[in-house]
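Dear colleague,

I am handing over the structure we spoke about, with the sequence alongside it. Please look it over before reading the notes that follow.

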Amino acid sequence: MFDRRDLLRLGTAGTLAAVGAGAARPARATARDVSEADWRALARALSPGASLFRPGDRGYAPLSIPFNHRYEAIRPAGILACATTADVAAAIRWAGAVGLPVVPRSGLGHNYAGYSTTTGLLLNMSRMKTICSVPGSFVRTRRYGPIQVAHDAGTVTVGAGVTNGDVHPLLEDAGMFVPTGRCPSVGIAGLVLGGGIGFSDKMFGMTCDRLLSTTVVLADGSVVQASESSNPDLFWAVRGGAGNNFGVHTSFTFAYDQFAGNVAFYSVKWSIESVQPVMAAMQQIATETLGDSRFHCRLGVGTAGQDPGAIRDNANVNVIGQHYGTVSELLDILCPLLRIGTAEERERNRASVREVTPGTASKLLSATTPVERFAAKSAILTPDALLDDAQVKAATDLLKAWPGSGNADGAGFAMFGLGGQINQVAPDATAFVHRNAAFILAAETTWADADPYSVVRANLAWLEEFYDAIFPLDRPRHSYQNFPDPLLDDWRTAYYGQNYERLVTVKREYDPAGFFTYPQAIGT
C-alpha cells in the first residue's frame, strides 16, 4: 500500500511512480487529511503553464464558483488549472495517492445537478484551448438551396477547455462547421460526452456523432486514445455516457463540414393566449418534418417577473430555428404558425423569416443558459407521446402561477426538435440511446443570488408541480443526461435505457475501483 509517508520520502517522482497501474488506493480523504507537503508535491509535478490554487490564494475564488450558483457553497480543496495532458495525469495519480476525489470542469460549471463541483481537487481545463484543423482528401459536396456543403471536409481537434463560443468563429470566419450547442460558455467536453444537441443536429448529427477520437486520462494516470480502432468499447461509452465516468478527457477530434452560402432563419413569438394553437401546429410540423434533416426548431413557453401581474403579462410562447434550404421552403413549412396571432404578431413573425449567412444564424441562435441559480427536469418525447391540449393547458395554468423570482430568466419549458440524422443511428451504436425521439423537453426554473430561501423553496416545489402538470399520469421513462436531475428516481434507465449494463461493463474495465464518481455516475 502506498501512503503519505512514501509520498514525503520519495518526493514527486516517487508519488507518480507509486500510484501507477493497479496500485491500491487509499480511502477517500478530506481536505484536512492532505498536508501542505502533499500539495507542494503536486505543484512540483506540474508543467510551467499550469497553476495550483488553494483557498485564500489569489485566483482561487473566481475559479471555485460554478456557473450555476446553486452549488457555490461546494468549494474545492484545491484547483488545478491544467495546461497539458501530463498535468492531468500527474493530478490524477497524486489524488489517488492522497485519497482526494477529482472532478474536471471544462466550461464554467453549468451542470444542472452540480456534478462539476467537488470538495476535492477541481481540474479546471480552461487553459487547454488549442484548436487545430486538417483538411481532408475526399470530400462529398451537395447543395441545399442557397448553401453548398462539403461533407466530411476535414478534421478539427480541440482541447478540453474549448467552449461552444470558441468554435463558433470557425463557422463565421472560415465556413468550417461542427454541430455544437447554442450556449457560448458551455464546454465542448461536457456537451459531447452527454450527446450534444443544437440547431444543426438533425442535418449533421449530434456532437457525439461527429467525434472521431478522444484523448482520455484514466484513473491510474495512464493516457489512452479512444476511437473506432483504439479502445473501441471506451469510444462507444464516451459518446453519450456523460462526463466524469471513465476518465478525464483532454482533447477531442471531430469531422467537420465546409459551408459556402446561406441558410434560412426564423424567430417567431406570441403572447401566451396563443399557446394552444402554437403548440398544436408546431408539434404537427415537427412530426411531419421528423425525417427532414434540413429543418430545425426550438419551441419555448415561459415567463419572468416577481409579482403575479408581471408574470402573467410576460408569459409567451416562441419558436426559433433555421432551415438548410430556401426562404420559400421555410415559409411553406411554417405556414400554419404564421397564421396564428394578432395582425401585429403575424406581420412581425413573417418578417423574421429571412436568408442569412451560417455565421449570422449561429449568433442569432446563441443564448446563454440561465444565470445565477437554476434547476431543471427533462423528458424525451417520442412522436406518439407529444403534449395534448389538456397537458398544454395545465402547464400554462401553472406557468401563470409561478411564484416568481429576481432572476430575469424566469421559468417555463423548452422543446428541442430531434429527428433527421440523429434518428438514423441505432440506439445501441453509441451510448446515446435516445434515437427515436421528436423532442427533448426541459422544464426549468431560476432564482437570483439575492432571493431569500422562501423564494428558493417555492421555486423548487413549483418545478416539481409544473412537471407533474405536464405529465399527470406517468412521467416519461427517459430523460436527457446533459440536463441531469438529482431527484430523478430511475436515472439509470432514464438517461441510458438499454445501454446502461454495457456502460457498467466498460466502467469496470477502465475504472474498476470507481475513482471517478458522483451521485449519478455509471456503476453507482
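Where is S230 found? Please keep in mind throughout that this is a predicted model. S230 is found in the loop between β10 (223-227) and α8 (232-238), and it is partly exposed, with a relative accessible area of 26%. A polar atom of the S230 side chain lies 3.0 Å from the backbone oxygen of Q225. Between S230 and D468 there are 44 Å in space, C-alpha to C-alpha, and the two are 238 residues apart in sequence.

P101 has a relative accessible area of 19%, and because buried means under 20%, P101 counts as buried. Leaving aside residues up to four places away in sequence, P101 touches R28, A29, T118, G120 and L121. P101 and W462, by comparison, are 361 residues apart in sequence and 34 Å apart in space, C-alpha to C-alpha.

Next, the nonpolar cores. The largest nonpolar core has 87 residues, and the members that touch the most other members are W94, L121, L123, L234, F252 and F254. Helix α4 (residues 85-98) gives the largest share of this core, with seven residues. A second, separate core has 56 residues, including A286, L290, V319 and A375. Going back to F252, its contacts, not counting residues up to four places away in sequence, are V156, T157, V158, A160, A189, V192, L193, L211, S213 and T214.

Helix α9 (residues 275-288) has 14 residues and reaches 20 Å from its first C-alpha to its last, which is close to the 20 Å expected at 1.5 Å a residue. The buried residues in α9 are V275, V278, M279, A281, M282, Q283, I285 and A286, and A286 is also one of the members of the second core.

The strands around β18 may interest you as well. Strand β18 (residues 439-447) is mostly covered, with nine of its nine residues buried. Both of its faces are covered, with F439, L441, A443, T445 and W447 buried on one side and I440, A442, E444 and T446 buried on the other. Strand β16 runs antiparallel to β18 and is joined to it by nine bridges, and A376 stands opposite E444 in β18. Strand β17 (residues 411-417) is also antiparallel to β18, here with seven bridges, and A414 stands opposite A442 in β18.

What does the side chain of K377 make a polar contact with? K377, which is in strand β16 (residues 373-381), makes a polar contact of 2.4 Å with the side chain of D485, and a further polar contact of 3.0 Å joins the side chains of K377 and E464. At 2% relative accessibility, K377 counts as buried. Apart from residues up to four places away in sequence, K377 touches L441, A442, A443, L463, E464, Y467, R475, D485 and L487.

Lastly, the cysteines, for which the count of disulfides comes to zero. C208 is in no disulfide, and the nearest cysteine sulfur, that of C183, is 19 Å away. C208 is buried, with a relative accessible area of 0%, whereas C132 is partly exposed, with a relative accessible area of 47%.

With best wishes

Technical notes
Residues numbered from 1 in each chain as written. Predicted model: local features only at pLDDT ≥ 70, side-chain atom pairs only at ≥ 80, totals over all residues. Heavy atoms only, no water. Helix = DSSP H or I, 4+ residues; strand = E, 2+ residues; numbered from the N terminus. Buried < 20%, exposed > 50% of the residue type's maximum accessible area, 1.4 Å probe, protein only. Polar contact = N/O pair within 3.5 Å; in protein donor to acceptor, adjacent residues only side chain to side chain. Contact = heavy atoms within 4.5 Å. Core = buried A, V, L, I, M, F, W, Y, C linked by side-chain atoms within 4.5 Å. Disulfide = S-S within 2.5 Å. Expected span 1.5 Å × (residues − 1). Pairing = 2+ DSSP bridges.
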